[in-house]
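Here are a few friendly notes to read alongside the model.

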Amino acid sequence: MIICGDTVEVKHDRPDVDPAYFGKRGRIHKRTRFLKALGAGEYEIMFFDRELNHKILGVMGGFVEDDLNVIH
């Protein structure tokens, strides 16, 4: 299970992920089970490469656990 604060890397060739995020690393900002029940991504990530983050919110959401590798 991935928790807030974990460092993660986005896996390559994930069907619902923009290829610009493949292989990019960041820190889990929020985990939201409620959104997953509605078909949305469960995790929001604050990427180390600030250009990948949302201009206003500062994080990007829409990721599920299968999209991510935890970096130790």
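1. In total the protein has one helix and five strands. Please keep in mind that this is a predicted model.

2. Now for the overall picture. The protein has 72 residues, and 31% of them count as buried. Its accessible surface comes to about 4800 Å², and carbon and sulfur atoms account for 53% of that. If you take contacts between residues at least 6 apart in sequence, 38% of them join residues at least 24 apart.

3. Next, the inside. In soluble globular proteins, nonpolar side chains tend to be buried together. The largest nonpolar core of this model has 13 residues, and those touching the most other members are Val10, Tyr21, Ile28, Ile45, Phe47, Phe63 and Leu68. Two elements, strand E1 (7-10) and strand E3 (43-47), each give two or more residues to this core. Which element provides the largest share? That is E3, with three residues.

4. Leaving aside residues up to four places away in sequence, what does valine 10 touch? Its partners are Val17, Tyr21, Phe22, Gly23, Lys24, Phe47, Phe63, Asp67 and Leu68.

5. Strand E3 also holds glutamate 44. This residue touches Arg27, Ile28, His29, Lys30, Val59, Met60 and Gly61, again not counting residues up to four places away in sequence.

6. Charged pairs come next. How many salt bridges does a search of the whole structure find? It finds three. In one of them, arginine 25 pairs with glutamate 9, and the closest N and O atoms are 3.2 Å apart. Because arginine 25 lies in strand E2 (residues 25-31) and glutamate 9 in strand E1, the pair ties together parts that are 16 residues apart in sequence. Arginine 25 is partly exposed, with a relative accessible area of 41%.

7. Another salt bridge joins the side chains of arginine 14 and aspartate 67, at 2.8 Å from N to O. This pair links distant parts of the chain, 53 residues apart: arginine 14 sits in the loop between E1 and E2, while aspartate 67 sits in the loop between strand E4 (60-63) and strand E5 (68-71). Are the two partners buried or exposed? Arginine 14 is partly exposed, with a relative accessible area of 24%. Aspartate 67 counts as buried because its relative accessibility is 4%, and the cut-off for buried is under 20%.

8. The remaining pair to find is glutamate 42 with arginine 31, whose side chains meet in a salt bridge at 3.0 Å, N to O. With a relative accessibility of 3%, glutamate 42 counts as buried, whereas arginine 31 is partly exposed, with a relative accessible area of 25%.

How values were computed
Residues numbered from 1 in each chain as written. Predicted model: local features only at pLDDT ≥ 70, side-chain atom pairs only at ≥ 80, totals over all residues. Heavy atoms only, no water. Core = buried A, V, L, I, M, F, W, Y, C linked by side-chain atoms within 4.5 Å. Buried < 20%, exposed > 50% of the residue type's maximum accessible area, 1.4 Å probe, protein only. Helix = DSSP H or I, 4+ residues; strand = E, 2+ residues; numbered from the N terminus. Contact = heavy atoms within 4.5 Å. Areas by Shrake-Rupley, 256 points an atom, 1.4 Å probe, with all protein chains shown as cover. Salt bridge = Lys/Arg side-chain N within 4 Å of Asp/Glu carboxyl O.
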